[in-house]
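Subject: A structure for you to look through

Hi there,

Here is the structure I promised to pass on. Please open it next to this email and follow along as you read.

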Amino acid sequence: LVAFCNPKAEFEPDVSRFQHLLSRMMSLLMCLSLSDISNLAQGHFKVLNLDGFDKYSLKYLDTVDVKQKVVLQWIQRLVVEGGRTGVLDVAPPILSRVFQE
């Protein structure tokens, strides 16, 4: 996804926001997944940080049982938004393959 980001200067702030939020979401997804399969105590795996997440989303995440599915949906929504706003500069058929991985 990072390779598909728009290189034009006018998109630089939006691309930076997208890349940072995507990295944090992937970190959160990885930590949640590892903590599910690990025998280690809760909170052993560290997330990059939670900048860019609003407090309501994080509060909601605490209330659900399958947190990974919620974070995966957040990532999918971020990708769709990036495609719609031009942050991701790639043809839709190529971008759709992101959802198959």
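Let's start with a term you will need: a residue counts as exposed when its relative accessible area is over 50%, as buried when that value is under 20%, and as partly exposed in between. Asp65 is exposed because its relative accessible area is 77%, and you will find Asp65 in the loop between H2 and H3. Please keep in mind that this is a predicted model.

Now for the overall picture. The protein has four helices and zero strands, so the pattern along the sequence reads α-α-α-α. The C-alpha trace spans about 45 × 25 × 20 Å along its principal axes. Of the 101 residues in the protein, 31% are buried. Among contacts with a separation of 6 or more, 61% are between residues 24 or more positions apart.

Next, the start of the chain. Val2 sits in the segment before H1. Is Val2 buried, exposed or partly exposed? Its relative accessibility is 47%, so Val2 counts as partly exposed. Once neighbours within four places in sequence are set aside, Val2 is in contact with Gln19 and Leu22.

On to helix H1, which covers residues 12-37. H1 has 26 residues and reaches 38 Å from its first C-alpha to its last, close to the 38 Å expected at 1.5 Å a residue. Its buried residues include Val15, Phe18, Leu21, Leu22, Met25 and Leu29. When you look for what covers them, H2 and H3 are part of the answer.

Two packed helices are described by the angle between their axes and the distance between the axes. For H2 (residues 55-63) and H3 (residues 67-85), the axes come within 9 Å and cross at roughly 150°. This crossing is right-handed. Which residues meet there? From H2 come Ser57, Tyr60, Leu61 and Asp62, and from H3 come Lys67, Val70, Val71 and Trp74. By class, this contact has five nonpolar, one polar and two charged residues.

Buried in H3 are Gln68, Val70, Val71, Trp74, Ile75, Leu78, Val79 and Gly82. An α-helix has 3.6 residues a turn, so residues three or four places apart point the same way. The cover over the buried residues of H3 includes H1, H2 and helix H4 (92-95). Just after H3, Gly86 takes a positive phi of about 90°.

Last, the cysteines. A disulfide is a covalent bond between the sulfur atoms of two cysteines. How many disulfides does the structure hold? The count is zero. Cys5 has a relative accessible area of 11%, so it is buried. Cys31 counts as buried because its relative accessibility is 10%.

Best wishes

Conventions. Residues are numbered from 1 along each chain as its sequence is written. This is a predicted model: local features need pLDDT of at least 70, side-chain atom pairs count only at pLDDT 80 or more; totals for chains, interfaces and linings use all residues. Side-chain values use heavy atoms; hydrogens and water are left out. Axes are lines fitted to C-alpha atoms, for helices over the stretch in contact, and angles run from 0 to 180 degrees between N-to-C directions. Helices (H or I, at least four residues) and strands (E, at least two) are DSSP runs, numbered from the N terminus. A crossing is left-handed if the near helix is turned anticlockwise from the far one by less than a right angle, and right-handed if clockwise. Contact means heavy atoms within 4.5 Å. Ala, Val, Leu, Ile, Met, Phe, Trp, Tyr, Cys and Pro count as nonpolar, Asp, Glu, Lys and Arg as charged, and the others, Gly among them, as polar. Buried means under 20% relative accessible area, exposed over 50%, partly exposed in between (1.4 Å probe, protein chains only). A disulfide is a pair of cysteine sulfur atoms within 2.5 Å. The expected span of a helix is 1.5 Å times one less than its number of residues.
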